[in-house]
Amino acid sequence: MAEENYGAQNIQVLEGLDAVRKRPGMYIGSTSIRGLHHLVYEVVDNSVDEALAGYATHIEVSINEDNSITVVDDGRGIPTGMHESGMSAVELVLTKLHAGGKFGGGGYKVSGGLHGVGISVVNALSEWTKVQVSQNGIIQEIDFARGHKTSELHEIGKAEGTGTTVIFKPDAEIFETTVFNFDTLKIRLQELAFLNKGLRITLSDLRQEEPRVESFHYEGGLSSFIAFLNENKEVVNPTVIDIENTKDDVVVDVALQYNDSYSENLLSFVNNINTVDGGTHLSGFRAALTRTLNDYGRKSGLIKENESNLSGEDVREGLTAVVSVKVLEPQFEGQTKTKLGNSEVKGITDVIVSEGLRTFFEEHPQDAKKI
């Protein structure tokens, strides 16, 4: 049996983006078709953060003929100035794992792409990446291949306005498939447009002779989302209940409507991330809904004195609701970011939803009775 020497020389240090190429699943979940589409969401999330900060109004996503992806926004543009590390800020953001404007320092107040791995991971897992930044009247471009820089930042033309364009081609050495599915991207981009009222997101498929283009833009925000989810259902309260308020820097945005089905359809989001396992925001919403409906039922004589209170399950029957919160420092339980753990969010959501429901019931007694 050979003697195995296990010493300091056996410890490997993976520098920067090499780690991502070696263990892609740690960063994007998997190298299947899901991981492939996740690359697009990481880039789009950065553009959505620009919209949340009040700078971008339109995000355009294109699937190009060769299955590369182009994402264009009209935000401020990734900074191009020199960073104290000796490289331009745009190069830093694309080549260093935890570099970005989301870790304090006032770049972004609320952000979905909080893990700071987004665009550098996309760069590492792409055969090639091009980033073009429009600022100060000029367009500058920098190129990469599999995470490594292949050109310095250089000027390529005159710019009208500001913004960032990211073009990348996923690496066939990494992914099981590199063919994008239009409908998969469409579902997430439409969801982002619902969650960010007023933002326009356009998706184009340029792989066919007649390009397929769909654009999403909802001034109604979550109310439009509920109308979409309840499209073919018989609704109980014609007016969608829409509640939006901020307390202690937590933004709570909730919309709900009942239909005549027996199932509940409850979606929850934190900073645009779908929290499929719920969390404190959802607990706060449920508590507020159950309590406020029981209070109203008692006060208006719809629940008799000798009758017991409605349970949580009772009040959620036939409910379609979207609960979306924006939190400065979200704490997620688990690696996959699908359950919110911030304890303070429960109380804040509870208070805002309770107040909103009470006001709605007082102003819409007919709807309240039907519910």
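Reader: Where is the place of Glu176?

Author: This is a predicted model. In it, Glu176 sits in the loop between β7 (163-170) and α6.

Reader: Is Glu176 buried or exposed?

Author: The general idea is a cut-off: a residue counts as exposed over 50% relative accessible area. Glu176 has a relative accessibility of 63%, so Glu176 counts as exposed. Leaving out residues up to four places away in sequence, Glu176 touches Thr31 and Ser32.

Reader: Now a helix. Which residues of α6 are buried?

Author: Buried is the opposite end of the scale, under 20% relative accessible area. In α6 the buried residues are Phe182, Leu185, Arg188, Leu189, Gln190, Glu191, Leu192, Ala193, Phe194 and Leu195. That is 10 of the 14 residues, so α6 is largely enclosed by the rest of the structure.

Reader: How is the span of α6 checked?

Author: The rule is to count 1.5 Å for each residue after the starting one. The 14 residues of α6 should therefore span 20 Å, and the end C-alpha atoms are 20 Å apart, which agrees. Helix α8 (residues 280-299) can be treated likewise: its 20 residues should span 28 Å, and its end C-alpha atoms are 28 Å apart, which agrees. After α8 comes Gly301, whose phi is positive, near 75°.

Reader: At what angle do the axes of α6 and α7 cross?

Author: Helix α6 (residues 182-195) and helix α7 (residues 222-229) have axes that cross at roughly 135° and come within 7 Å.

Reader: Which residues of α6 and α7 meet?

Author: On the α6 side they are Gln190, Glu191, Phe194 and Leu195, and on the α7 side Leu222, Ser224, Phe225 and Phe228. The contact of α6 with α7 divides into 5 nonpolar, 2 polar and 1 charged.

Reader: How many residues has the largest nonpolar core?

Author: A core of this kind is a set of buried residues joined through side-chain atoms. The largest nonpolar core here has 58 residues, and Val40, Val61 and Ile69 have the most contacts inside it. Helix α3 (residues 33-52) gives the most to this core, with 8 residues. Apart from this core lies another, of 31 residues, including Ile243, Val270, Val325 and Leu340.

Reader: What does Ile69 touch?

Author: With residues up to four places away in sequence not counted, the residues that Ile69 touches include Val40, Val61, Val166, Phe168, Phe180 and Leu185. Leu185 is also one of the buried residues of α6.

Reader: And the protein as a whole?

Author: The protein has 11 helices and 16 strands. Its C-alpha trace spans about 75 × 65 × 40 Å along the principal axes. Of the 371 residues, 50% are buried. Among contacts with a separation of 6 or more, 66% are between residues 24 or more positions apart.

Definitions and conventions
Residues are numbered from 1 along each chain as its sequence is written. This is a predicted model: local features need pLDDT of at least 70, side-chain atom pairs count only at pLDDT 80 or more; totals for chains, interfaces and linings use all residues. Side-chain values use heavy atoms; hydrogens and water are left out. Axes are lines fitted to C-alpha atoms, for helices over the stretch in contact, and angles run from 0 to 180 degrees between N-to-C directions. Helices (H or I, at least four residues) and strands (E, at least two) are DSSP runs, numbered from the N terminus. Contact means heavy atoms within 4.5 Å. Ala, Val, Leu, Ile, Met, Phe, Trp, Tyr, Cys and Pro count as nonpolar, Asp, Glu, Lys and Arg as charged, and the others, Gly among them, as polar. A nonpolar core is a set of buried Ala, Val, Leu, Ile, Met, Phe, Trp, Tyr and Cys residues joined through side-chain atoms within 4.5 Å. Buried means under 20% relative accessible area, exposed over 50%, partly exposed in between (1.4 Å probe, protein chains only).
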